[in-house]
Amino acid sequence: MSTKYQRQLFLGETSQSIIEWAVIGVVGLGGGGSHIVQQTAHIGFQNYALYDPQTAEDTNLNRLVGATIRDVGREKLKISKRLIRGLQPKAKISANRVRWQEAPEPLMVCDLIFGCADSFQDRDELETFCRRHLIIYIDIGMDIHQVDDEPPRMAGQVILSAPGHACMKCLGFISPEKLAMEAQKYGVAGPRPQVIWPNGILASSAVGLAVDALTGWTRKMRASIYLSYDGNTGFVSEHVLLQYAPKVCQHYPLADAGSPQIRTL
Amino acid sequence: MKLTLRIPWVVLSEARQDLVRPHPFAYERVGFFRCRPTGRPDLVVVTGYDVVPDDHYVRDTMAATCIGGDAIRSALQRVLTHKVGQIHVHQHEHRGRPGPSSTDLEDQPRLVKSFRNVDSELPHGFMILSETHAWGSFSLPGLRRLVGLNSISVVSGRVEFL
């Protein structure tokens with residue numbers, strides 16, 4: 001028997017076979033997604049659906065895990081595939097150089113999807129897709145704000161959105177107001193500040209949740225999870241809004257899962 | 001082709017709690033999962049569970065359990081009214097892989113055909129749960145023969161594979 005994964009045997013007797021069987025999706029292979037791809041490959045995941053239409057630019061090199069200066073101009077997909085293949089040569093990778101909405105079929109078979117999107121709109125659409133297909137969705141993201149003369153504030157989130165349980169709207173992370181505000185600013189935002197270490201913390205937390213969701217090693221029956229990251233103090237803690245979230249999601253009733261249907265009124 | 005079925009943990013729990021209840025005269029209970037198709041023909045999601053009321057069972061010396069016309073009509077009506085596929089389900093009280101009896105294999109495909117006659121664009125089927133595994137046979141849109149299960153994922157904040 002291979003000793004490759006003996007240090008993670010505490011995850012459970014069948015954990016490695018579950019990890020090797022599971023299909024994971026990663027939407028967005030930039031600062032967050034590249035960390036996730038690297039870690040999941042180390043853990044032993046073998047089945048991937050990857051999405052990113054972009055190529056690496058020199059401005060990505062401060063945070064794109066796996067990229068070197070030779071990769072400027074290379075597809076982010078190829079960098080991620082190289083990262084995975086270096087650890088898992090037999091991995092099955094569905095690599096999609098499109099926005100996920102243009103070719104969603106490989107995502108449908110995923111057991112769990114990581115969303116590393118930049119906008120609330122993208123997150124909202126991805127969560128809706130996951131709810132429709134009864135897939136666990138794990139969202140990560142970070143932002144840096146500057147207010148007056150205060151030091152910059154770095155904050156981020158990791159949300160595990162479990163079908164039937166509180167969604168990102170229930171948790172107050174996505175709201176019509178935020179979506180509307182984002183739509184008004186579309187195209188004028190400019191490049192947002194991004195650095196590697198908060199992405200690493202958020203991605204590590206997300207991968208930890210994913211492994212727990214698949215192996216159940218903590219033996220907790222989890223509902224949705226909302227973790228908040230304060231980059232100025234370094235703390236990751238349960239978001240205060242989680243305690244007020246409804247037990248059952250009203251935005252995405254389980255009865256609405258599956259292909260959309262027209263209902264007669 | 002084999003089917004991947006996803007079931008919300010809360011729906012499976014509801015079904016299991018119902019199926020283990022003793023019945024006044026039937027040896028085991030049956031129920032129906034509601035299901036819906038997805039964008040992939042080999043992926044079906046379960047969206048709910050319907051109990052078969054006590055008085056919809058009929059006495060039958062040839063089978064451990066027999067449900068009557070009212071139970072079948074209710075299931076057929078759900079297909080028509082709610083546009084949901086129907087999966088007939090019962091549970092064997094043991095661990096490990098369950099299997100169908102000869103009666104199951106004879107009767108259930110006829111029931112599935114009845115569902116299909118109401119709406120052939122929806123998936124339908126019959127399945128047997130054990131405490132740890134499941135067995136199933138399904139009719140999918142566009143396919144004439146019944147297909148087996150590839151996997152069942154039970155989804156909540158966790159994913160468990162039956």
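Modeller: In this predicted model, the axes of helix H2 (residues 33-43) and helix H3 (residues 76-87) of chain A come within 8 Å and cross at roughly 15°. Axes here are lines fitted to C-alpha atoms over the stretch in contact, with angles from 0 to 180 degrees between N-to-C directions. Helices are DSSP runs of H or I with at least four residues, numbered from the N terminus.

Biologist: Are H2(A) and H3(A) roughly parallel or roughly antiparallel?

Modeller: H2(A) and H3(A) are roughly parallel, a term for angles under 35 degrees.

Biologist: Which residues make the contact?

Modeller: H2(A) contributes Ser34(A), Val37(A), Gln38(A), Ala41(A) and His42(A), while H3(A) contributes Ser80(A), Leu83(A), Ile84(A) and Leu87(A). Contact requires C-beta atoms, placed from the backbone, within 7 Å. By class, five of these residues are nonpolar, four polar and none charged. Nonpolar covers Ala, Val, Leu, Ile, Met, Phe, Trp, Tyr, Cys and Pro; charged covers Asp, Glu, Lys and Arg; the others, Gly among them, are polar.

Biologist: Turning to the two chains, how many residues does each bring to the contact?

Modeller: Chain A brings 29 residues and chain B brings 22 residues. On the chain A side, helix H4 (105-108) and H7 each supply at least two residues. That side has 18 nonpolar, eight polar and three charged residues.

Biologist: What follows H7(A)?

Modeller: Gly216(A) does, with a positive phi near 65°.

Biologist: And the conventions?

Modeller: Residues are numbered from 1 along each chain as its sequence is written, with chains lettered from A and ligands numbered from 1 in the order written. As the model is predicted, local features need pLDDT of at least 70 and side-chain atom pairs count only at pLDDT 80 or more, whereas totals for chains, interfaces and linings use all residues.

How values were computed. Angles under 35 degrees count as roughly parallel, over 145 as roughly antiparallel, 65 to 115 as roughly perpendicular and the rest as oblique.
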